[in-house]
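Have a look at the picture before reading on.

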Amino acid sequence: MALRTLGPKAAAALDEELMSTGAFTLSQLMELAGLAVAQALHTLSPPSTTPRVLIACGPGNNGGDGLVAARHLVHFGYAPTCYYPKQGKHEHYSALRAQLEQLRVSFVQDFPRALGEADCVVDAIFGFSFSGEVREPFPAVIRALAETKLPVLAVDAPSSWNIEDGPPGEGVGKDYQPTALISLTAPKPLVKFFRGRHFVGGRFVGKEIAEKYGFDLPPYKGADQIVEIGPTGEEL
């Protein structure tokens with residue numbers, strides 16, 4: 001039986017509730033999401049196999065999740081590099097960057113060159129709230145992600161995909177199918193178009209909230225921050 005998905009309006013409302021009556025801060029939610037991303041990558045492609053990780057970060061919360069994941073990946077034994085061409089305005093992004101610089105994580109401007117030196121990639125460019133046109137400098141980055149033979153883990157949504165309708169019918173992202181996807185909190189409707197390995201993570205809501213917003217909590221085990229499920233959301 002497939003887990004129920006979390007649509008765009010419900011996902012936005014859930015975030016708003018978590019940061020109001022739920023008393024979470026943006027930093028807390030990003031920290032938990034980034035930890036789940038790092039654990040998913042470790043399950044997908046451990047550092048003994050793919051030590052050099054390139055993390056492509058967008059300017060919003062999805063990019064912040066990628067920055068947090070990079071910090072955890074350092075401690076997991078990886079050597080991450082970040083492509084972060086447009087830093088978000090919130091001071092939290094500056095703090096995350098400073099933390100990575102203290103750990104000697106490199107920030108690069110030449111994505112194709114960095115991709116050529118990587119063993120695997122994290123796509124943390126655009127998340128569930130993305131809509132509209134992919135703006136520079138990201139079209140070339142998404143095309144490179146679609147063409148690479150390296151393992152690619154997408155955070156919450158393959159970048160350029162619509163949360164409801166999946167990959168665009170034409171243009172940037174049309175043929176983009178990452179190796180794996182980690183859905184944060186719950187799968188989004190776009191998973192019906194996804195064909196790779198699928199994880200759910202972001203372990204910070206209870207059953208009451210899940211029922212209120214109409215989605216299912218995955219069967220987390222022990223201290224795990226992720227659960228692997230079928231590509232379109234079915235339990236394994």
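Are Y84 and F107 buried or exposed? Both Y84 and F107 are buried in this predicted model.

**Aromatic pairs**

The structure holds four aromatic pairs. A pair of aromatic rings is described by the distance of the centres and the angle of the planes.

| Pair | Distance of ring centres | Angle of planes | Type |
|---|---|---|---|
| Y84 and F107 | 6.5 Å | 45° | tilted |
| F126 and F138 | 5.5 Å | 75° | edge-to-face |

Why is the pair of Y84 and F107 called tilted? Planes under 30 degrees apart count as stacked and those over 60 as edge-to-face, with the rest tilted, so the 45° between the planes of Y84 and F107 makes their pair tilted. Y84 lies in the loop between strand 2 (79–83) and helix 4 (91–102), while F107 belongs to strand 3 (residues 106–108), so the pair ties together parts that are 23 residues apart in sequence.

With planes at 75°, the rings of F126 and F138 are edge-to-face. This pair links distant parts of the chain, 12 residues apart: F126 is in the loop between strand 4 and helix 6, and F138 is in helix 6. Both F126 and F138 are buried.

**Helix 6 and its neighbours**

F138 leads us to the rest of its helix. Along with F138, the buried residues of helix 6 are P139, V141, I142, A144 and L145. An α-helix has 3.6 residues a turn, so residues three or four places apart point the same way. What do the buried residues of helix 6 pack against? They pack against strand 1 (52–57), strand 2, helix 5 (111–116), strand 4 and strand 5.

Helix 6 (residues 138–147) also forms a right-handed β-α-β unit together with strand 4 and strand 5.

**Strand 5 and its partners**

Strand 4 (residues 120–124) and strand 5 run parallel and are joined by three bridges; V122 has L153 as its bridge partner in strand 5. Strand 5 also pairs with strand 6 (residues 180–184), in the parallel sense and over three bridges. There, A154 stands opposite L181 in strand 6.

In a regular strand the side chains alternate between the two faces of the sheet. Which way do the residues of strand 5 (residues 152–155) point? V152 and A154 point one way, L153 and V155 point the other way, and all are buried.

Methods: Residues are numbered from 1 along each chain as its sequence is written. This is a predicted model: local features need pLDDT of at least 70, side-chain atom pairs count only at pLDDT 80 or more; totals for chains, interfaces and linings use all residues. Side-chain values use heavy atoms; hydrogens and water are left out. Buried means under 20% relative accessible area, exposed over 50%, partly exposed in between (1.4 Å probe, protein chains only). Helices (H or I, at least four residues) and strands (E, at least two) are DSSP runs, numbered from the N terminus. Two strands pair if DSSP finds at least two bridges between them. A crossover is right-handed if, with the strands pointing away from the viewer, the path from the first strand over the helix to the second runs clockwise. Rings of Phe, Tyr and Trp (its six-membered ring) pair if their centres lie within 6.5 Å; planes under 30 degrees apart count as stacked, over 60 as edge-to-face and the rest as tilted. Contact means heavy atoms within 4.5 Å.
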